[in-house]
Amino acid sequence: MHTFRLAERIRQSGLEIIATLGPASISAAVPRELLENGATAFRVNLAHARTEWLDRVLETLRRLEAETGWTGLGVADLPGRKPRTGTLPGPVPVKAGHRVWLGQGLPPEPIDLVLPLQAELAGQTVASGQTILLRDGRLSLTVLRQAPGGFLCESRADGEATSRMGVAFTAGTRVERPFPHELFRRCLDGGIHRFLQSYCDRPEDLEPPREACRRLGQFGGQIVPKLETREAILNAEAILSASPLACLARGDLGTQIPLERVPGVELRLLELSARLGRRVLVAGDVMPATLAAGEASRPERAAAYYALAHGAAGFILSDETALGDQPALAVRQLTRVLEAWLQEQQSYHQFHSRSGAAETADR
């Protein structure tokens with residue numbers, strides 16, 4: 001257990017560092033290395049999961065739980081309503097002004113790039129001039145017109161298209177998707193009992209996974225709502241009241257409200273959760289500077305520290321550990337922030353304890 005002392009201290013404090021597993025972190029040694037550097041659990045993004053990959057992840061988690069004696073190392077992120085593009089052979093550069101077909105089948109006219117789209121989204125009605133954001137806003141498209149099976153768009157800036165990019169409409173189009181029963185059952189059978197419910201706009205969105213738990217006889221499953229839309233923030237009090245733990249997903253939220261408003265929303269949400277006796281995990285660009293094996297910036301460290309100061313229950317690292325050059329380095333740098341916070345809290349309490357004792361003695 002000595003090897004995992006950083007993670008053990010964080011776990012004992014009640015805080016969390018949840019590291020997303022992905023291409024950069026699924027090899028046999030890396031998840032263990034993430035634990036050694038302070039990760040307390042692992043996020044499994046079911047939006048990208050294939051059966052063979054998921055089985056491999058579940059086996060890795062079972063092995064680590066046996067080694068550490070801990071339970072609950074896995075946190076499965078349910079796809080929810082978030083629509084995605086299809087598969088590409090590799091990353092594709094996109095230039096400002098490129099005409100892009102985002103849809104099913106062949107484009108209605110010659111274009112620069114075809115991005116396949118999930119069928120349930122291709123049938124949505126979207127007005128010309130609306131903005132479609134991909135990859136948490138890293139790609140921005142303007143809808144020129146809708147055609148059977150998709151949308152003819154124009155890229156607003158240079159970027160890069162990849163497989164299975166998240167799709168967000170700035171006008172807040174709500175897309176309904178079937179619940180992923182098979183992936184859910186597979187996770188439960190593999191020992192995962194905590195689930196993030198993506199795109200939870202209202203308390204009712206928590207019911208499908210809860211009903212699935214009941215149907216499968218898993219009454220101890222925890223469903224954690226992810227607040228990542230404008231509607232979710234408007235309904236935040238009702239959603240928080242329905243669950244002891246929630247997650248603020250700043251990446252997707254930043255595609256629906258101005259980025260400069262996201263910090264204020266985070267602060268108000270943390271204050272609200274404290275009043276309600278609830279806890280909130282913070283996700284989305286927590287340590288983005290570490291993606292290229294760099295040092296976390298001072299603003300990134302400060303933002304994480306201030307989130308803790310306002311009551312955050314911990315953080316979820318996404319691309320930093322799923323795709324970054326050195327996932328363990330990203331975890332270690334975030335761990336340092338949590339260590340500093342815990343040390344400051346200990347010093348604060350010790351100081352006030354001594355002050356109180358001295359005041360009593362003077363009397």
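Predicted model: local features only at pLDDT ≥ 70, side-chain atom pairs only at ≥ 80, totals over all residues.
Author: Local features need pLDDT of at least 70, and side-chain atom pairs count only at pLDDT 80 or more, while totals for chains, interfaces and linings use all residues. Residues are numbered from 1 along each chain as its sequence is written, and side-chain values use heavy atoms, without hydrogens and water.

Reader: Why is H3 called roughly parallel to H5?
Author: Helix H3 (residues 51–68) and helix H5 (residues 181–189) pack at about 20°, axes 10 Å apart. Angles under 35 degrees count as roughly parallel. Therefore H3 is roughly parallel to H5.

Reader: Which residues in H3 and H5 meet?
Author: Thr51, Leu54, Asp55 and Leu58 in H3 meet Leu183, Arg186 and Cys187 in H5. Contact means heavy atoms within 4.5 Å. By class, four are nonpolar, one is polar and two are charged.

Reader: What makes the void a cavity?
Author: On a 1 Å grid over the protein atoms alone, a 1.4 Å probe fits at its points but cannot get out. The count is one cavity of 30 Å³ or more.

Reader: Which residues line the largest cavity?
Author: Leu61, Arg62, Glu65, Gly74, Gly190, Gly191 and Ile192 do. Lining residues have an atom within 4 Å of a point. H3 gives the largest share, three residues.

Definitions and conventions:
Axes fitted to C-alpha atoms, helices over the stretch in contact; angles between N-to-C directions. Helix = DSSP H or I, 4+ residues; strand = E, 2+ residues; numbered from the N terminus. Parallel < 35°, antiparallel > 145°, perpendicular 65-115°, else oblique. Nonpolar A, V, L, I, M, F, W, Y, C, P; charged D, E, K, R; others polar. 1 Å grid on protein atoms, 1.4 Å probe; cavity = no way out; pocket = protein on both sides within 12 Å on 5 of 7 lines; lining within 4 Å. Points joined across faces, edges and corners; volume = space filled by probe spheres on them.
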